[in-house]
Amino acid sequence: MQNYLIAAGVLMILIGIAHSVIGEILIFRQLRAGAIVPLLAPPPLRERHLRILWANWHLTSMLGWGLAALLILIAVAPDPSSHALHVRIIAIATLAGSLLVLSATRGRHPGWFGLLVAAGLAWLGPSSA
């Protein structure tokens, strides 16, 4: 078992949970009209724009959970080193996401740092075999 990969996977699960829960509380809660999907779109958005924003918000968390599951499954695989390329791809994609958030928010959103740490842990995983 590779502890770096487990740590990266668990961190990505926590980031996804925080992303969805905090987004619901800070952004989408006041845009609801008694429905699960927010409907009260502030200008210049339309309701259909808000719906897809909400879906994409949570899609990001779900895809992160999928990557986390892959990292954890690879970590407990009989030969984790045979998946080094897959882990590197996940690490690079996570790093790219980190840099995107860092750039877009000028470093004011803490998500970039969590993603950077997860990318680093994933990158180190195959090296620790």
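**View 1. Helix α1 gives the largest share of the lining of the largest pocket, nine residues.** In this predicted model, local features need pLDDT of at least 70 and side-chain atom pairs count only at pLDDT 80 or more, while totals for chains, interfaces and linings use all residues. Residues are numbered from 1 along each chain as its sequence is written, and side-chain values use heavy atoms, with hydrogens and water left out. At least two lining residues come from each of α1 (3-28), α2 (47-75), α3 (84-105) and α4 (111-127) (helices are DSSP runs of H or I, at least four residues, numbered from the N terminus).

**View 2. The largest pocket has a volume of about 740 Å³.** A pocket is an open set of points on a 1 Å grid over the protein atoms alone, where a 1.4 Å probe fits, with protein on both sides within 12 Å along at least five of seven lines; lining residues have an atom within 4 Å of a point. The volume is the space filled by probe spheres set on the points. Of the 27 lining residues, Ile15, His19, Thr60, Val101 and Leu115 lie nearest the pocket centre. By class, the lining has 15 nonpolar, twelve polar and no charged residues (nonpolar: Ala, Val, Leu, Ile, Met, Phe, Trp, Tyr, Cys and Pro; charged: Asp, Glu, Lys and Arg; polar: the others, Gly among them).

**View 3. Helices α2 and α3 pack at an angle of about 150°, with axes 11 Å apart.** Axes are lines fitted to C-alpha atoms over the stretch in contact, and angles run from 0 to 180 degrees between N-to-C directions. The two helices, α2 and α3, are therefore roughly antiparallel (angles over 145 degrees).

**View 4. Residues Leu67, Leu70, Leu71 and Ile74 of α2 meet His86, Val87 and Ile90 of α3.** Contact means heavy atoms within 4.5 Å. The contact of α2 with α3 comprises six nonpolar, one polar and no charged residues.

Methods. Parallel < 35°, antiparallel > 145°, perpendicular 65-115°, else oblique.
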